[in-house]
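Colleague: I am new to this one. Please walk me through how to read its features.

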Amino acid sequence: IGSGLVGSEMCIRDRVYISGKQKFTGTYTFGNNRNLTEVIMDDNVTQLVDSMFSECVSLNQVTWSKNLTVLPGNVFNNTGFERLELPPQITQIEHSAFGYCSKLRSLIIPADTRMTSIETVMTLGCENLEMVVIPEAITHIVPGAFFNERVIIVSVEDSYAQQYADENGYRYIAVEKITDEVKLIEQDGLQYTLVNGHALVFGLLSDATGDIIIPAEVTYNGV
């Protein structure tokens, strides 16, 4: 399947299934499909191509192949993710893989990640990115990797990620360990992310009315 052949809104609807039997060449395969909201990969998928889902502004859900290890450049550029948890088998993320995702607010690298370094600015132009969870496995991060100076780094105390935050002027929250307990919660007019019992408040919901009650577990207010 070559460049841009199935990217038109007229070609596919809101969901696409990708099989390892399909071979993709070129770039921008599903690009600019504004109807696409979900991508489902079977576990035979081992490779994506540059800009494959670029400009799919409604795309916000992916079922990942367990055998996909590299996210190529611009692959999800300008998509609709608000909260993104990377699959643990990813070992490499290329430049601007999630660039210009204007809705993206939190990025989570899982505790069992196979990735050891962040070598590119993978969230270029993500001006609303507010939180990145980084486990101890990450031992090198390039300067400016998260683009937005307002980002809060959540990391294990005394880890490389905490050192990186200190040296590059990022705010951080130190936790005892990174677990799978990372949840986006909308409650009582607030939107916040709960990480190992630490709640970070990021915004008021548009339909919030009446009194706003701050949960007891909130440790940082980013509103």
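**Aromatic rings**

Modeller: Start with one aromatic cluster, formed by Phe-30, Phe-53, Trp-64, Phe-76, Phe-81 and Phe-98. The model is predicted: local features need pLDDT of at least 70, side-chain atom pairs count only at pLDDT 80 or more, and totals for chains, interfaces and linings use all residues. Residues are numbered from 1 along each chain as its sequence is written, and side-chain values use heavy atoms, with hydrogens and water left out.

Colleague: What describes a pair of aromatic rings?

Modeller: The distance of the centres and the angle of the planes. Rings of Phe, Tyr and Trp (its six-membered ring) pair if their centres lie within 6.5 Å; planes under 30 degrees apart are stacked, over 60 edge-to-face, the rest tilted. This structure holds 10 aromatic pairs. Phe-30 and Phe-53 are stacked, at 5.3 Å centre to centre and 5° between the planes.

Colleague: Which parts does the pair of Phe-30 and Phe-53 tie together?

Modeller: Phe-30 sits in the loop between strand S1 (15-18) and strand S2 (38-41), Phe-53 in the loop between S2 and strand S3 (61-63), so the pair joins parts 23 residues apart in sequence. Strands here are DSSP runs (E, at least two residues), numbered from the N terminus.

Colleague: Are Phe-30 and Phe-53 buried or exposed?

Modeller: Phe-30 and Phe-53 are both buried. Buried means under 20% relative accessible area, exposed over 50%, partly exposed in between (1.4 Å probe, protein chains only).

Colleague: How is the pair of Trp-64 and Phe-76 arranged?

Modeller: Trp-64 and Phe-76 are edge-to-face, at 5.7 Å centre to centre and 75° between the planes. Trp-64 is buried, as is Phe-76.

How values were computed
Helices (H or I, at least four residues) and strands (E, at least two) are DSSP runs, numbered from the N terminus.
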